[in-house]
Amino acid sequence: MLIGIYGASDGLENTPNSPAGCLLPPPAPLVSDLLIQQRASRLGIPIVAVHRAVLTQQLDFRRSPALLHPGNLKAQKIIAADMQRRAACFWATPCGRGCSIRANYQSTTVHLPPALATGNLHILTDAMVREVRLHENGLAQGVTFIDKTNGSVHSVAARVVVLAASACETVRILLNSKNARFPQGLANSSGNVGRYLMDTVGSSLSGQIPLLESLPPQNEDGAGGEHVYAPWWLYREQHAGKLDFARGYHIEMGGGKQMPGVGTMNGAEWLTGGSYGKKFKEDARRYYGSFVGFAGRGEMIPNEQSYCEIDPSVTDKWGIPVLRFHWQWSQHETRQAAHMQKTFAAIIEAMGGRVKDGPTLDGAKAISPGGYIIHEVGGAIMGGSKESSVTNQWCQTWDVKNLFLTDGAVFASNADKNPTLTIMALAWRSADRILDLMRRREL
Ligand code: SF4
């Protein structure tokens, strides 16, 4: 409603439908998507419209603002005006570089402009936070930061401190904020700050599909990302003990004839035999658009061996101690990666395709290194007690009641769903809680 997400409600048990009016219409599947959908369905794998934060039509600026900010006419007016300044996608440019018409969701273009329009937001750039300072009354009193343009040290005071520096950086700030009351790092009476670090389980495989060769040229630029995906579908088999790993994964997939880039045909020698000149042009027309890629994104279960701590001897250029990391996948993750490889190979085979190298059936080799998928979460987990966790369900630290953590650090598990939208939902809930506590003078 605010972000603008395309997708569909497919009635799948582990991918619940969205409330009416939330989702925008998804873009049409690519030709390769349709073939994947047809052949994967023979294997019992559902392929449905992915949920992606790109506007396929203008947001409902007449109805949504009142639902988003009930009773707050100023916020409604600002949001309604801002929604009208976002245009629907025209499917032509690489979204990863930013979206000048603001069709693609980014916090910098979607949240900050209306927040600035309230007049209540002041953004300080090039400010590298070194520590959260604690008052003798046990409350956070603000942060100390370094002006990166000249190295000078400054402080700001605050009634409430919210850390949202990304999971590992938030952990680093906490561990570097030592004081007499918290010698092991701020809000770390449980000893859990830095522990239970997680990433997403990742493994990928691509194939070449003769059925997709020599198709007529057409514009398949589409969204800067998938149009379809496969949500986890084997949870019943898993529950029945038929799989050798816990938790699931979804499959992201790519193919089609997007605008070619430098090196588009690199690595195609196994098909072209190293052709060049006129023959290479013919080969490029034949093979370009006939490749499909599958990437699994799965749940990691937190474990004792995956954590970070302050490195006792290394600091960054500002003299702030850095983190060092310890990592170990369990068999649940490596077996899941092996299952991904088998599944991707089966889909490619069902499409009549071929794989150049692989699949890699040794899960320890098939799995991406920890941190590679850049879905790092955990490190300051939320939970039901101050002995076993760092924050409560409101992302409020148990030890310092005016200190909140609103990034992935609070995740106590890392479901196969990509983490951003959950981080945003938790942050929104925390913001509501902070407002509520401030109004009640409890903060
Ligand atoms: S393709 Fe991406 S960058 Fe281009 S308009 Fe659409 S969302 Fe924006």
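Contact, as the word is used on this tour, means heavy atoms within 4.5 Å. The model is predicted, so local features need pLDDT of at least 70 and side-chain atom pairs count only at pLDDT 80 or more, while totals for chains, interfaces and linings use all residues. Residues are numbered from 1 along each chain as its sequence is written, and side-chain values use heavy atoms, with hydrogens and water left out.

Select Leu403 to begin: leaving out residues up to four places away in sequence, Leu403 touches Val161, Leu163, Leu174, Leu186, Ala187, Cys395, Gln396 and Thr397. Together with Ile251 and Phe294, Leu403 touches the most other members of the largest nonpolar core, which has 64 residues; such a core is a set of buried (under 20% relative accessible area, 1.4 Å probe, protein chains only) Ala, Val, Leu, Ile, Met, Phe, Trp, Tyr and Cys residues joined through side-chain atoms within 4.5 Å.

Next, select the loop between strand S8 (201-208) and strand S9 (228-230), where Glu213 is placed; strands are DSSP runs of E with at least two residues, and helices are runs of H or I with at least four, numbered from the N terminus. Glu213 is buried, with a relative accessible area of 14%, and the side chain of Glu213 makes a polar contact with the side chain of Arg286 at 2.7 Å (a pair of N or O atoms within 3.5 Å, where within protein one must be able to donate a hydrogen and the other to accept it, and residues adjacent in sequence count only if both atoms are side-chain atoms). Another polar contact joins the side chains of Glu213 and Gln208, at 2.8 Å.

How values were computed: Buried means under 20% relative accessible area, exposed over 50%, partly exposed in between (1.4 Å probe, protein chains only).
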